[in-house]
Amino acid sequence: MSGGPRSRLSERLRTEKRWPGEIYHFAELGSTNDWLKDACRHGLPEWSLVVADRQTAGRGRHGRAWASPPGNLYLSVLLRPRLPAELVSLLPLLAGVAVVEAAAGWGVAAELKWPNDVQAGGLK
């Protein structure tokens, strides 16, 4: 995929040595996804990333309650993909696969839980 979004992001990370957007960190947050959606409505730029040490209102698939205890990594990234609508739903799965592949590159054995939860050493 020469010149595609993946290679552009990889090149940017390699040359700039930093994430291409702002990073927002919270010790505790209701939901990283909800925070990001709200901030997006107020003009947050693409590649903004929000991280929480703990979530109090995280949701799983189909709106199910989701335990988000401290010690795991909870984050959401704002993307504005230029894709046909039918392909956008694949992004969460692709993100999970990318994280597992990146972890393997660092020598960390990780596994994908459907659709985009990654576990390594018993932690998410």
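**Getting to know a predicted model**

Student: Which residues is His-25 in contact with, leaving aside its neighbours within four places in sequence?
Tutor: Good place to start, and keep in mind that this is a predicted model. His-25 has its place in strand S1. Once its neighbours within four places in sequence are left aside, the contacts of His-25 are with Val-51 and Asp-53.

Student: How far apart in space are His-25 and Val-50, C-alpha to C-alpha?
Tutor: Along the sequence, 25 residues separate this pair. In space, going from C-alpha to C-alpha, the distance between His-25 and Val-50 is 5.9 Å.

Student: How many bridges join S1 to S2?
Tutor: Let's look at some partners. Ile-23 has Leu-49 in S2 as its bridge partner, and Tyr-24 is partnered in S2 by Val-50. S1 and S2 run parallel, and the number of bridges joining them is six.

Student: Which strands stand at the edges of the sheet?
Tutor: The sheet is open and has three strands in the order S1-S2-S3, with mixed pairing. An edge strand has a single partner strand, so one of its sides is left without a neighbour in the sheet. The strands in that position are S1 (23-29) and S3 (74-77).

Student: What does the twist average from one strand to the next?
Tutor: We stay with the open sheet of S1, S2 and S3. From each strand to the next, the average twist is 20 degrees.

Student: Which strands do the buried residues of H2 pack against?
Tutor: Take Leu-36, one of the buried residues of H2. Apart from neighbours within four places in sequence, Leu-36 has contacts that include Leu-44, Val-50 and Leu-78. Taken together, the buried residues of H2 pack against S1, S2 and S3.

Student: How many residues make up the largest nonpolar core?
Tutor: Leu-36 and Ala-39 belong to this core, and its other members are Leu-29, Leu-44, Val-50, Ala-52 and Leu-78. Helix H2 (32-40) and strand S2 (49-55) each supply at least two of its residues.

Student: Does Trp-47 count as buried or partly exposed?
Tutor: Trp-47 has its place in the loop between H2 and S2, and its phi is positive, at about 75 degrees, although it is not a glycine. Most residues other than glycine have a negative phi. Buried would need under 20% relative accessible area. The relative accessibility of Trp-47 is 21%, so this residue counts as partly exposed.

Student: What pattern does the chain follow, read along the sequence?
Tutor: The chain has four helices and five strands. Read along the sequence, they come in the pattern α-β-α-β-β-α-α-β-β.

Student: What share of the residues of the chain counts as buried?
Tutor: The chain exposes about 8500 Å², with carbon and sulfur atoms supplying 59% of that area. Among its 124 residues, the share that counts as buried is 22%.

Conventions
Residues are numbered from 1 along each chain as its sequence is written. This is a predicted model: local features need pLDDT of at least 70, side-chain atom pairs count only at pLDDT 80 or more; totals for chains, interfaces and linings use all residues. Side-chain values use heavy atoms; hydrogens and water are left out. A nonpolar core is a set of buried Ala, Val, Leu, Ile, Met, Phe, Trp, Tyr and Cys residues joined through side-chain atoms within 4.5 Å. Buried means under 20% relative accessible area, exposed over 50%, partly exposed in between (1.4 Å probe, protein chains only). Contact means heavy atoms within 4.5 Å. Accessible areas come from the Shrake-Rupley method with a 1.4 Å probe; for residues, only the protein chains shown count as cover. Two strands pair if DSSP finds at least two bridges between them. Axes are lines fitted to C-alpha atoms, for helices over the stretch in contact, and angles run from 0 to 180 degrees between N-to-C directions.
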